[in-house]
Structures are given as C-alpha cells and as structure tokens.
Amino acid sequence: MTKFNYENVQHNLDRDELLNRMKTQLSDFRFNHCLRVEKTSRGLAAEYKIDVDRAGLAGLLHDYAKERSDEEFIEVIKTKHLDKDLLNYGNAIWHGIVGAEIVKDELGIYDEDVLNAIRRHTVGSTNMTGVDKCVFVADFIEPERDFPGIDKARKYAEKSIDAAVAFELKHSVAYLVKKNRVIYPTTFDSYNYWIAKGEL
C-alpha cells in the first residue's frame, strides 16, 4: 500500500491510525474508494501546483461518514446547531457537510482546508479552494468510476481543474433533474458560478 506522510497537516493521528479507524467505519468497497480518491486527489494537486498533502488527506477522508445512520447525522445537525435546512436532505448531502464535523470530532482533524474540502465534495462552492477542487474532481474521476461521460470528465481534468469542476457540476445537476431529485441550493449556486466562468 502506498505510504503518504501527512505530518505538515494539523491532526492527531498518523496515516496508519487513520486507516485503522476508517476500516472500522466503512465497508471494503467504500474504504478502497477512499484510497483511490486520495491518490487521484494527490495527483491532481501535484499537476496543478496545489497543496498535495491537504488534497490527499481530504480525499482519503471525504467519505469517512458516508455509511452512518440518518439518525446520527440528524443528531449532529441538531447538537452542532448546523443549518436547519439540512434536515430536509439526506445522506448524499449530509456525509460531506455534516461528515466534516464527525471527522473533526472522531479523528482530530482541525485543518479547515481539509474540512472544507470534505464539506464541499458533493455540493461544490462558489469560492472553492484548490484543495476543494482536487477532492471534488478526484471523487468523480477516480479509476474505478465508470458511467456515461467519464472519459469526457477525465479529459477536462487534464485540460483544467476549473473545467473539470464545471463539467462535474453540469453532469450532476443534469443527473439529479433526470432522476426527479431535490437539489441542494448550494449545488445550484456552484453550478451557476462555475458555468459562468466559461471553462467548458
């Protein structure tokens, strides 16, 4: 297994300890997905001269809370006094925004760049940092992903990280509309902002 050193990012556990914690919380499928996103995110960060360690650590932990119960997410939303509107959504939104709070509390990750990338990895933001973008795109294009449009997504990632973000938002919004899903407002804001930049 590839060894990465995250000593320059503020946290309490080394990578091996983080992996052991993750294994107790995640299915093998989800755990291996996180490892692939870590590696892909680090690669994007290196390519685009973004903080490789923060992008990698956020990629590793982005789905840490993905398999928690709805009841646990709801409890965190209430006890942490997060936006009450979150209660109208579900795991697809919660595991990022609320999951970052779980990562902070359980794993001792206090670096806001890492936590924000976890918060934003499904909904984006109008002010995404380089680290945010790497995790957002890496989650979408990691090597085992296979869906209509994946080749195009990977080509955009080679062209420009901003173009890859815009393509992913366009693809995600179209998918949610096709499935008659409720769309989280931040996702619309992100879509409008990144599409208006004209990268596609």
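Reader: What makes the pairing of the side chains of Arg 68 and Gln 25 a polar contact?

Author: The two side chains come to 3.1 Å in this predicted model. A polar contact is a pair of N or O atoms within 3.5 Å, where within protein one must be able to donate a hydrogen and the other to accept it, and residues adjacent in sequence count only if both atoms are side-chain atoms. The pair of Arg 68 and Gln 25 is therefore counted as a polar contact.

Reader: On what basis are such values computed?

Author: Residues are numbered from 1 along each chain as its sequence is written, and side-chain values use heavy atoms, with hydrogens and water left out. The model is predicted, so local features need pLDDT of at least 70 and side-chain atom pairs count only at pLDDT 80 or more, whereas totals for chains, interfaces and linings use all residues.

Reader: Why is Arg 68 called buried?

Author: Arg 68, in the loop between α3 and α4 (70-79), has a relative accessible area of 10%. Buried means under 20%, exposed over 50% and partly exposed in between, with a 1.4 Å probe and protein chains only; Arg 68 is therefore buried. Leaving aside neighbours within four places in sequence, Arg 68 is in contact (heavy atoms within 4.5 Å) with Gln 25, Phe 73, Asn 91, Ile 102 and Glu 106.

Reader: Why does Asn 20 count as partly exposed?

Author: Asn 20 lies in helix α1 (residues 15-25). Its relative accessibility is 48%, so Asn 20 counts as partly exposed.

Reader: What makes Lys 49 exposed, and what is noted about its phi?

Author: Lys 49 lies in the loop between α2 (28-47) and α3. Its relative accessibility is 76%, and Lys 49 therefore counts as exposed. Phi of Lys 49 is near 55 degrees, a positive value in a residue other than glycine.

Reader: How do you know that α3 is mostly covered?

Author: Nine of the ten residues of α3 are buried, among them Asp 53, Gly 56 and Leu 60. The cover includes α1, α2, α6 (99-107), α7 and α8. Helices are DSSP runs (H or I, at least four residues), numbered from the N terminus.

Reader: What caps the N-terminal end of α3?

Author: Asp 51 does, with a side-chain oxygen 3.2 Å from the backbone nitrogen of Asp 53.

Reader: Why are α3 and α7 called oblique to each other?

Author: Helix α3 (residues 52-61) and helix α7 (residues 112-120) pack at about 45 degrees, with axes 9 Å apart. Angles under 35 degrees count as roughly parallel, over 145 as roughly antiparallel, 65 to 115 as roughly perpendicular and the rest as oblique; α3 and α7 are therefore oblique. Their contact is made by Arg 54, Leu 57, Ala 58 and Leu 61 of α3 and Asp 113, Val 114, Ala 117 and Ile 118 of α7. These residues divide into six nonpolar, no polar and two charged. Here Ala, Val, Leu, Ile, Met, Phe, Trp, Tyr, Cys and Pro count as nonpolar, Asp, Glu, Lys and Arg as charged, and the others, Gly among them, as polar.

Reader: What makes α3 and α8 oblique as well?

Author: The axes of α3 and helix α8 (residues 130-141) come within 9 Å and cross at roughly 40 degrees, and α3 and α8 are therefore oblique. Arg 54, Ala 55, Ala 58 and Gly 59 in α3 meet Val 131, Cys 134 and Val 135 in α8. This contact divides into five nonpolar, one polar and one charged.

Technical notes
Axes fitted to C-alpha atoms, helices over the stretch in contact; angles between N-to-C directions. Helix = DSSP H or I, 4+ residues; strand = E, 2+ residues; numbered from the N terminus.
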